[in-house]
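Hi everyone, thanks for coming.

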Amino acid sequence: MPKIHIPTPLRQYAGKQPAIEVEASTIGEALSGLVAQHPDLRRHLYTDDGKLRAFVNVYLNDEDIRYLQKDATPVKASDSISIVPSIAGGRFDFRL
Amino acid sequence: MLKIPQSVYDSLRHHGEKTYPHECCGVLLGQMDGDIRTVASAAPAGNTRTDSAHNRYNIDPKDLVRIQREGREREEDIVGFYHSHPDHPAQWSPTDLAEAHWFGCSYVITSVEKGKAVLTNSFELTGTDENDKKLVDEKIEVG
């Protein structure tokens, strides 16, 4: 089964597990399966209207799913899926 | 609290001097035990914000996936991040807070004045979601 790697801040909503295996043939099925197993993850991954949050990146092995087939991207049992919240910032003050 | 070996502390400060007048950035790996984050290593990352590198940073998620994988092989987790503020205080900015999403992790900021690292501070991202998040001062224990 494909393995989904959970980033450290979200493990508290995923039974404290660093990785979770789900039965899936696409990325969309894998993420749905993950959220079905761990419903507390939903609000951290998705907006109220069901879209993946803008700062949540999903990688299939080393590829961003946005540049593959998004939710329809096929996955194999040996694949590794990573959920990676973005890391950015800087001294720039957007309020100026 | 953030516990960090002297050599790693020195390396992240040096990174900020090397990239001056641009912001540097990188990932801190180690172990999390409740409120204590113990750093074992740091992974410098490239700043993808080449359009505004003097006051913005962004770590390529692809780098992060690799750093995370290499960390797993050493049984280390991501416990925080670091970046520099060239000619600006070592305090988080509104941009730092708006773009911080790793709850329970440390965000380390080093002020670099005229190319020399001055102050290094650390802040924990607390809260439960985007609506109540805060960057809170935390102690750094070096050594």
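**Chain B and its neighbour**

Let me begin with overall size: chain B has 143 residues, and a compact globule of that length would have a radius of gyration near 15 Å, so the 14 Å found for chain B agrees. That radius is taken over C-alpha atoms, and the globule rule is 2.2 Å times the number of residues to the power 0.38. Along the principal axes, the C-alpha atoms of chain B fill a box of roughly 35 × 35 × 30 Å.

A word on where this comes from: it is a predicted model, where local features need pLDDT of at least 70 and side-chain atom pairs count only at pLDDT 80 or more, while totals for chains, interfaces and linings use all residues. Residues are numbered from 1 along each chain as its sequence is written, chains are lettered from A and ligands numbered from 1 in the order in which they are written, and side-chain values use heavy atoms, with hydrogens and water left out.

Now, which elements build chain B? There are three helices and nine strands, in the order β-α-β-β-β-α-β-α-β-β-β-β along the sequence. Helices (H or I, at least four residues) and strands (E, at least two) are DSSP runs, numbered from the N terminus.

Eight strands of chain B make an open sheet with mixed pairing, in the order E8-E7-E6-E5-E2-E3-E1-E9. Its edges are E8 and E9 (140-142) of chain B, each pairing on one side only. From one strand to the next, the twist averages 35 degrees. Pairing here requires that DSSP finds at least two bridges between two strands. As a reminder, strands of a sheet pair through backbone hydrogen bonds, either parallel or antiparallel.

Let's follow one end of that sheet. Strand E6 (106-113) of chain B runs antiparallel to E7 (116-126) of chain B, with seven bridges between them, and Ile109(B) has Asn121(B) as its bridge partner. The two strands form a hairpin with two residues between them, and Lys114(B) in the turn has a positive phi of about 50 degrees. E7(B) then joins E8 (134-138) of chain B through five bridges, again antiparallel. Here Thr126(B) stands opposite Lys134(B), and Ser122(B) faces Glu138(B).

What lies across this sheet? H1(B) lies across E1 (2-4), E2, E3 (36-45), E5, E6, E7 and E9 of chain B, at about 115 degrees to E7(B). H2(B) packs on the sheet too, touching E2, E3 and E5 of chain B, and its direction makes about 35 degrees with that of E2(B). Contact means heavy atoms within 4.5 Å. Axes are lines fitted to C-alpha atoms, for helices over the stretch in contact, and angles run from 0 to 180 degrees between N-to-C directions.

Most residues other than glycine have a negative phi, and most peptide bonds are trans. Yet Tyr20(B) and Pro21(B) are joined by a cis peptide bond, with omega of about 10 degrees; Pro21(B) sits in the loop between H1 (6-19) and E2 (25-33) of chain B. Glu75(B), not a glycine, has a positive phi of about 60 degrees, and its place is the loop between H2 and E5 (77-86) of chain B.

Over to chain A, where an open, mixed sheet of five strands has the order E2-E1-E5-E3-E4. The edge strands are E2 (19-21) and E4 (63-64) of chain A. Strand E1 (3-5) of chain A meets E2(A) through three antiparallel bridges, with His5(A) opposite Ala19(A). A helix from the other chain comes in here: H2 (61-73) of chain B lies across E1, E3, E4 and E5 of chain A, at about 115 degrees to E5(A).

Finally, how much space lies in the largest pocket? About 320 Å³. Of its 14 lining residues, those closest to the centre include Thr8(A), Gln12(A) and Met32(B). On a 1 Å grid over the protein atoms alone, a pocket is an open set of points where a 1.4 Å probe fits, with protein on both sides within 12 Å along at least five of seven lines, and lining residues have an atom within 4 Å of a point. Grid points are joined across faces, edges and corners, and a volume is the space filled by probe spheres set on the points.
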